[in-house]
Amino acid sequence: MVSYIIRRLLLGALTLVLITFIIFALIRNMPGDPLTMDLSMVDPSKVISPLEYERMKKSYGLDKPWPQAYVQWVGNLVQGDLGRSLSWKKPVTTVIGEHVAPTLILSISSLMLAYMLSIPMGLVGAVRIGKMDERVMSISLYMLYSFPAFVAALFLQIYLSVKLGWLPLYGMTTTETYDTLDTFGKAKDIMMHALMPIICYTYGSLAYYSRFINANMQEVIRQDYIRTAKAKGVGPSSIVLHHAFRNTLIPLVTMIGMTLPGLLGGAVILERIFQWPGMGQLYFLSLTSRDYPLIMGLTLMFAILTLAGQLLADILYAVVDPRIRLN
C-alpha cells in the first residue's frame, strides 16, 4: 500500500507539472492581458502610451517571456507563494480562502442530502422493480435528471422569492441587517439564502446517484450467491443490506472519491444566477480579467483535488473489497 501511494504521488507530481505548464502557456497566449482588460473595464476611452504600457507590464511582472515566467512561478510555488491577485490586489491564497466557505456550504449540504436520499431510493427501487411505485419514482428521477438546473433556478426565484416572498432572491446574506444579527440569526440568514441553490445543486445528483445505485443493485441481485442466500432462507432485508448492497458499495465509493474536486469546483451558472460568492464565479471572474496568478492558483488547487480524489477512490476500492490489491 505504501509503495503504491508513493508511486501515485510521484506520478501525480509529474501530472501537476504538465497541467500547470499547459494552462500557463494557454492563458499567457490568450487575447488581451490583465492591463488591457482592467483598463477596458475601468475606462474604455482611456489611451496609454506604449512607453507607459511597458512600464506597467514591468511593474506587474508581465514583461518576461511566458516560459521564464512559468519557471519563476514554480520557484515561488515551491516556497509556498502563489503570488498576488492582479484584480483583487490580495494574495491568491487569501482570495481563494474567502470563496472556499461559500462553496463548501452548498456542495457539502448538497452532497449529504443527495446520498442520504439516493441510497434508500435506489434500494427501494431495486427491491420494488416492476411495481407501480418504482416506475413512478424512476420516471420522476429521469425527468429531474434531464431538467436543467439553471431553468429550475429561475423558476424557484420566480415562485419562492418574487411571488411568495418565502426566500431571498439572491446573495449569501441580507446586507442591511446581517451584521446586527446574533450567531444563530446569521446562520439562519445564510441558510435561507442557500436553500434555493442547494435545491438546484441536489436534485440532479439525487436523480443520478439513485439511478446508479438502482442499476448496480439490480445487477448484483441477479448473481448466483444472492439466489443461494434466498434458497437458504435468508430474509429479504438481510439479502438487500448485508449481501447485495455491500457489493454495490464498490462502484459507489469510487464515485464518492471522484466527487472531491466538485466540493470546491462550484457551478458557474448557478452562482451567477444566485450571485453566490463561490469558487465557480471566482474562476469565471479570474478568466475574464486575465488574472494570471489567480487562474494558476485555482488550476493548481483543482488539479490536486482531482488527483487526490482518484487516489482516494482507489484506496477506498481496496478497503471495501479485500480481494483487490493495490500492486
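Predicted model: local features only at pLDDT ≥ 70, side-chain atom pairs only at ≥ 80, totals over all residues.

Colleague: How many salt bridges does the count come to?
Modeller: The count comes to one salt bridge, and the pair in question is Glu98 and Lys90.

Colleague: Changing topic, where is Trp88 found?
Modeller: Trp88 sits in the loop that runs between α4, residues 66-78, and α5, residues 92-127. With a relative accessibility of 31%, Trp88 is classed as partly exposed.

Colleague: Which residues form the nonpolar patch on the surface?
Modeller: Trp88 belongs to that patch together with Phe150, Val268, Ile269, Phe284 and Leu285, and together they have about 490 Å² of accessible area.

Colleague: Which helices each supply at least two residues of it?
Modeller: Those are α12, which covers 268-273, and α13, which covers 279-288.

Colleague: Staying with α13, which of its residues are buried?
Modeller: Met279, Gly280, Gln281, Leu282 and Ser286 are buried in α13, whereas Phe284 and Leu285 are part of the nonpolar patch on the surface.

Colleague: What phi does Arg290 take, just after that helix?
Modeller: Arg290, which comes just after α13, takes a positive phi of about 55 degrees.

Colleague: Back to α4 for a moment: at what angle do α1 and α4 pack?
Modeller: Helix α1, made of residues 2-28, packs with α4 at an angle of about 135 degrees, and their axes are 10 Å apart.

Colleague: Why are α1 and α4 oblique to each other?
Modeller: Angles over 145 degrees count as roughly antiparallel and those from 65 to 115 as roughly perpendicular, so the angle of about 135 degrees between α1 and α4 makes the two helices oblique to each other. As for handedness, α1 and α4 cross in a right-handed way.

Colleague: Last one, which helix does Pro67 lie in, and how exposed is Pro67?
Modeller: Pro67 lies in α4, and its relative accessibility of 40% makes Pro67 partly exposed. The C-alpha atom of Pro67 is 8.6 Å from that of Phe21, although the two residues are 46 residues apart along the chain.

Key: Residues numbered from 1 in each chain as written. Heavy atoms only, no water. Patch = residues over 30% accessible without salt bridge, like charges linked within 9 Å, V, L, I, M, F, W, Y side chains within 5 Å. Areas by Shrake-Rupley, 256 points an atom, 1.4 Å probe, with all protein chains shown as cover. Salt bridge = Lys/Arg side-chain N within 4 Å of Asp/Glu carboxyl O. Helix = DSSP H or I, 4+ residues; strand = E, 2+ residues; numbered from the N terminus. Buried < 20%, exposed > 50% of the residue type's maximum accessible area, 1.4 Å probe, protein only. Axes fitted to C-alpha atoms, helices over the stretch in contact; angles between N-to-C directions. Parallel < 35°, antiparallel > 145°, perpendicular 65-115°, else oblique. Left-handed = near helix turned anticlockwise from the far one by under 90°.
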